[in-house]
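Dear colleague,

Please find below the structure that I am handing over to you, with its sequence. My notes on what was found follow it.

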Amino acid sequence: MWTHPPAGATLLAVLAWLGAAGCTEAPGDAALTVFVASSLTDVTADLADEWTLTSGVGVELVAGGSNHLAAQVRDGAPADVFLTADAELLDDLQHRLLANPVTDQMTDRVAGRVPTVIHNLAINHLVVARPTAGPERRPADLRDPSVVLVACATGVPCGDAAAARFGDLPVDSFEPSARAVVARLALDEADLGIVYATDVAAHTGLAPAWPQEPTCPCVTYAAASLSPSGNPFVAFLTSDRARQILTEHGFVAGPPR
Amino acid sequence: MTRPPNAPRSVLVVAALAVAFLTLPVLALLQRAPWSGLVDLLRRREVVEALGVSLLVSLTAAGIVLVLGTPLAWVLARVDVPFRRLVRALVVLPMVLPPVVGGTALLFALGRRGLVGQWLERWFDVTLPFTTAGAVVAATFVALPFYVVTVEGALRTTGDHLEQLASTLGASPLTVLRRVTLPRLVPAMGAGLALAWARALGEFGATITFAGNLPGRTRTLPLATFQALESDPEAAIALSLVLLAVSLAVLLPTRDRWLPTR
């Protein structure tokens, strides 16, 4: 007996919705898959839009922690370009880089120089931030155990850079990404957090805990093309327009070439 | 192995496939385990610390689940509360909610600026995020539905004729509950508790989102495993082995006793 018509009807409705969604969705014409460190997500979206405008090539972004993305690439994920906050990870991917010879056609396209690897795409400085809703702080608060402090975990680029710059701190939680630290501050669950300068610039919920000069140790981003179709995009990343977009987002763009 | 006449070969084949599907990833994990350096890996401070936090958090959560879940399961099965279907759906929601979302929801509710959390801080000076108590809250949130669903199901299948009989013989409702209902419910409570405890032990997303990640305080075995994956994959596998060993040690001896066989 048909005892649960609502459940059946709901299921049918969901299936119909999925079917409709499948029909309206454009066919997958994203020609370029870009794996991008999470702290570069917003700026890469702008870079990709610009690239799509000039080249007509669609870009699909896959954002995540640099280590996780590198592991996925190592296991054969179909990434054309990898933007990482940890340049050392590129050594891991040498086999993919070596399997990507620069073709003549590509060489022509960017006037004789096609970098498949950019080791200093941009720099991001660390900032000790507070929730905008919270009180202003002093540098001494960083080592005050009663102040709730969150930072990235070691092994994550922002965590390694923070450890290199600040040493041992009374951290209350080691977060898996800079984005997670930002969320803690935006929700006012923590008093202080060590985040990227770009995060402070992008979020109204965060403010520098006190006036700070850009100082290193910091994070240096690297870019690598992992397939021939990724080469033009990586070349574009060194263009003046790309450097301008990086700067607008608060990054310090690498040296021009 | 003897094959009873009522076990069709096709059913046995499918069952064997299911077992293979479930055990293959675990076997693959064992095959990648760094057996030679395992003892050294397991004696590391962070492993011992994470194991301690995990046991404390999951066992405390299991205790709370027992205390909160038993009355709830009984009410859902026996009392004609209004909107019972809706209440039951709400109770099982944490099972389908992605744990990270559950953790965020917990922050909105019990965080320092949460709906209830702000009053906890103001009145009792209690903040749950970044504390072991917070990790217990996260684990309880995801584990409680498993217990309630199991025990409620058992209450429904056993029916209430014995309870009604006891009542007509003059037993008070509380006596019926204590002398008739609960004793027969022990196996199901054990099974539900084992499920809930296992879920609490493996809990990751809600914990890291709500309680954070600090060695010795909130970093449980799953969090330590995730952390180790970033820098030291071999240690991550070793940590998962600890998790597997602990859960097998608890689930293996209890299963036959608690899950009614027939």
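In chain B, helix H3 runs over residues 45-78; its 34 residues reach 49 Å from the first C-alpha to the last, close to the 50 Å expected at 1.5 Å a residue. Please bear in mind that this is a predicted model. H3(B) does contain a kink of about 35°, which lies at B:Gly69, shortly before the proline B:Pro71.

Leaving aside residues up to four places away in sequence, B:Val91 touches B:Leu72, B:Pro145 and B:Val148. B:Val91 is classed as partly exposed because 18 other C-beta atoms lie within 10 Å, whereas a buried residue would need 20 or more. From B:Val91 to B:Thr140 there are 49 residues in sequence and 12 Å in space, C-alpha to C-alpha.

Helix H11 of chain B (residues 221-231) is mostly covered, with eight of its eleven residues buried. The buried residues of H11(B) include B:Leu221, B:Pro222, B:Leu223 and B:Ala224. Further along H11(B), B:Thr225, B:Gln227, B:Ala228 and B:Glu230 are buried too.

Turning to the two chains together, 14 residues of chain A are in contact with 13 residues of chain B. On the chain A side, strand S7 (residues 173-175) gives the most, with three residues.

With kind regards

Technical notes: Residues are numbered from 1 along each chain as its sequence is written. Chains are lettered from A and ligands numbered from 1 in the order in which they are written. This is a predicted model: local features need pLDDT of at least 70, side-chain atom pairs count only at pLDDT 80 or more; totals for chains, interfaces and linings use all residues. Two residues are in contact if their C-beta atoms, placed from the backbone, lie within 7 Å. Helices (H or I, at least four residues) and strands (E, at least two) are DSSP runs, numbered from the N terminus. A residue is buried if 20 or more other C-beta atoms lie within 10 Å of its own, exposed if 12 or fewer, and partly exposed in between; C-beta atoms are placed from the backbone. The expected span of a helix is 1.5 Å times one less than its number of residues. The bend at a residue is the angle between axes fitted to the seven residues ending there and the seven starting there.
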